[in-house]
Amino acid sequence: MSNSKTKTDLSAAFATLRRRFEQSLPERLARMLQLMESATADDLSELIAEAHKLAGACGTFGHAGLGSNARYIEQLAKEIQTKPADEGLQALPGLQQAVLEFDIAVDRALQEAPKAELEGTAQLHQSDTVWLLLPEQKLSTELVSQLHAFGHKVECFSDYDSCVVRLQDAAPAVLFAANKLPDGASLFEQTLLLQQLKKQQSRLLVLSDSDDFDLRIKASQHQADAFFVSPLDVPNMISTISELLEYGNKRAGRVFIVDDDRLLAQHYALVLNAAGIETHIVENVRSIVNELMRFQPDLLLMDMYMPDYSGAELAGLIRQYKSLKRLPIVFLSSEINKALQLSAMAQGADDFITKPIGDTQLVQAVKNRLKRSLQLKNLIEKDSLTALIKHSSIKEAAELEFVRSQRYKKPFSIVMLDIDLFKAVNDSYGHGTGDIVITALATLLRKRIRKTDRAGRYGGEEFMLVLPECSRVQAVELAEQILQAFRQLHFTAADKLFSCTYSAGVAASDDGDFSNAEQMIEAADAALYKAKRAGRNRVC
Ligand code: GH3
Ligand code: MG
């Protein structure tokens, strides 16, 4: 889908939501007026809830003025609620008047020609090229060959000016730049270059000649994603780049939305989708845990007040599940009372965003939190050399899949693979070269598996794949295809060219009488050793 088509589709979708919201207003106002006639304690509570919802929603759908009306009614009604009965009765006419004025304001707003407004949401940068701007030719050459091996496109520059010129008609996903060049020029004096990068949303990685506080502050001021000190830790730099590119291109993140106002939830979803963020709106609050497990979000965005359960109660319930303990929960609510915000967060929520919020601010607020949450998740779950998930996380993934496959009666497979005669690679070419081989296989695995599959580093040069809805035959085929590709990778070390192979063992859930994931892993391991004994370089 082209960009302009996406934009048109989105504008239409926004306009539809906004129309539906506006169409719902007269009826909602009629109900509020009706509540004011009898004005029992229950009526007052319903009025407060409705005014609260409208206070948040009106602004989102382009009616900020109406939002203020609603907020005023909410506050007034809350005051009356806390007063002794006779005093409350005296204050009722003021509230009635406010609701009437709100009704008139709604009429007026609906008569005005609707402004089609889709706030510009920043587009993620599509380029996947890495630019290198380094003082040393030797380091550039080494990085180019490695980045190529991992399938990244690379361009090299030897001075800041040529980089600025190139920025006029292209932009990198990532610029890896030295803070000092041999001619004495310094990165943080290149205002134009830094401005252009920011405008293009390119990421900046800095290579510094010294570990210096002031330089680190400067890098931070320019929102650099990483700060490396010479001599460069190459594998670390490569995995940082792979991670950044993966985040930028594929995974802007997944957001799960809980809001009883369906239209508002759909509006948020559209706004976030336009910024490349995947969303899921809760279908049934009572099955929220299942929906969360299925969608696997990186962030939960939740309303604070809903008719049956409060956001705080749901947050508390979610935290009862071990696998959901780490999920960041952010309240998106029109509650402006700080004390109430804080007490709601005591149940396990992490943060608070106040409604109404503009589309651009919502995207920014969500992106900031997503970025941080993905960084932390990576740190906890991922192996630093390969950026694959670690031993404990891949085992958890296998256990989760075992339970899921039993529930939905769908087969899944586990593959264990181990690089052949890897000790000899280390012994002949050094540990650094060994690391490159490990990283290359990791990248290959990541690239060849489906989005729902998981790949983990099980041990030093041992890997595990968890493949949902995958039969033994399909798993063997996949492991053989990847082996074929791995054999064809050529590595250079000490001017020698060499390649590697692996052995793999497969276990499928419908193949044996397994009662847990642990037994499947053991079976895959046994198959792996059968492959080793049968001469390596094969899948069993
Ligand atoms: P086989 O075909 O039977 O698997 O032989 P192998 O040589 O691969 O197996 P062995 O278990 O004897 O040796 C594995 C070696 O992998 C030993 C260990 O030093 C090395 N290794 C483990 N983790 C890493 C790592 O992170 N980096 C590097 N470079 N080497 C590692
Ligand atoms: Mg081995």
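**Entry 1: the whole chain**

I started with the overall make-up and counted 19 helices and 16 strands in the chain. I am working from a predicted model, and I kept that in mind throughout. The confidence figures came next: mean pLDDT for the chain is 87, and 94% of the residues reach 70 or more.

I then boxed the C-alpha atoms along the principal axes and got roughly 90 × 70 × 45 Å. Of the 540 residues, 50% count as buried. The accessible surface comes to about 26500 Å², and carbon and sulfur atoms hold 51% of that.

How much of the contact set joins residues 24 or more positions apart? Taking contacts with a separation of 6 or more, I noted 68%. For charges, I have 62 positive and 71 negative ones, and their mean positions lie 5 Å apart.

**Entry 2: a stretch to treat with care**

I flagged residues 115–126, where pLDDT stays under 50. The model does have 33 contacts for this stretch beyond four places in sequence. Where pLDDT is low, the coordinates should not be read in detail, so I left those contacts alone.

**Entry 3: what the record lists**

I checked UniProt, where the entry is unreviewed, and found "domain: Response regulatory" listed for residues 129–245 and 254–370. I looked into the span 254–370 and found 42% helix and 19% strand. The end C-alpha atoms of 254–370 are 8 Å apart.

**Entry 4: His52**

UniProt, again in an unreviewed entry, places "modified residue: Phosphohistidine" at His52. I found His52 in helix α2, which covers residues 41–60. Is His52 buried or exposed? Its relative accessibility is 5%, so His52 counts as buried, the cut-off being under 20%.

I also asked which residues His52 is in contact with, leaving aside neighbours within four places in sequence. My list reads Glu74, Tyr305, Ser333, Ser334 and Glu335.

**Entry 5: Leu110**

Leu110 sits in helix α4, residues 85–111. With 30% relative accessibility, Leu110 counts as partly exposed. Beyond its neighbours within four places in sequence, Leu110 is in contact with Glu22, Leu25 and Pro26. I took one distance here as well: Leu110 and Met304 are 194 residues apart in sequence, and their C-alpha atoms are 28 Å apart in space.

**Entry 6: Asp225**

I placed Asp225 in the loop between α8 (213–221) and β5. The relative accessibility of Asp225 is 21%, so I wrote it down as partly exposed; buried would need a value under 20%.

Which residues are in contact with Asp225, apart from neighbours within four places in sequence? I noted Arg203, Leu204, Leu205, Leu244 and Lys371. From Asp225 to Cys540 there are 315 residues along the chain, and the C-alpha atoms are separated by 42 Å.

**Entry 7: cis peptide bonds**

I went through the backbone and noted a cis peptide bond from Ser230 to Pro231, with omega near -5°. Pro231 is in the loop that runs between β5 (226–229) and α9 (234–249).

The bond from Lys355 to Pro356 is cis too, with omega near -5°. I found Pro356 in a loop, between β10 (351–354) and α14 (359–381).

**Entry 8: positive phi**

Where is Gln201, a non-glycine residue with phi near 60°? I traced Gln201 to the loop between α7 (191–199) and β4 (203–208). Gln201 is partly exposed, at a relative accessible area of 33%.

Asn537 also went into the notebook: its phi is positive, about 55°, although Asn537 is not a glycine. Asn537 belongs to the segment after α19 (517–533). At a relative accessible area of 30%, Asn537 is partly exposed.

Definitions and conventions:
Residues are numbered from 1 along each chain as its sequence is written. Chains are lettered from A and ligands numbered from 1 in the order in which they are written. This is a predicted model: local features need pLDDT of at least 70, side-chain atom pairs count only at pLDDT 80 or more; totals for chains, interfaces and linings use all residues. Side-chain values use heavy atoms; hydrogens and water are left out. pLDDT is the predictor's confidence in each residue, from 0 to 100. Contact means heavy atoms within 4.5 Å. Helices (H or I, at least four residues) and strands (E, at least two) are DSSP runs, numbered from the N terminus. Buried means under 20% relative accessible area, exposed over 50%, partly exposed in between (1.4 Å probe, protein chains only). Accessible areas come from the Shrake-Rupley method with a 1.4 Å probe; for residues, only the protein chains shown count as cover. Lys and Arg count as positive and Asp and Glu as negative; His and the chain ends are not counted. The place of a charge is taken as NZ of Lys, CZ of Arg, CG of Asp or CD of Glu. UniProt positions are given in the numbering used here, feature names are shortened, and annotations may be inferred rather than shown by experiment.
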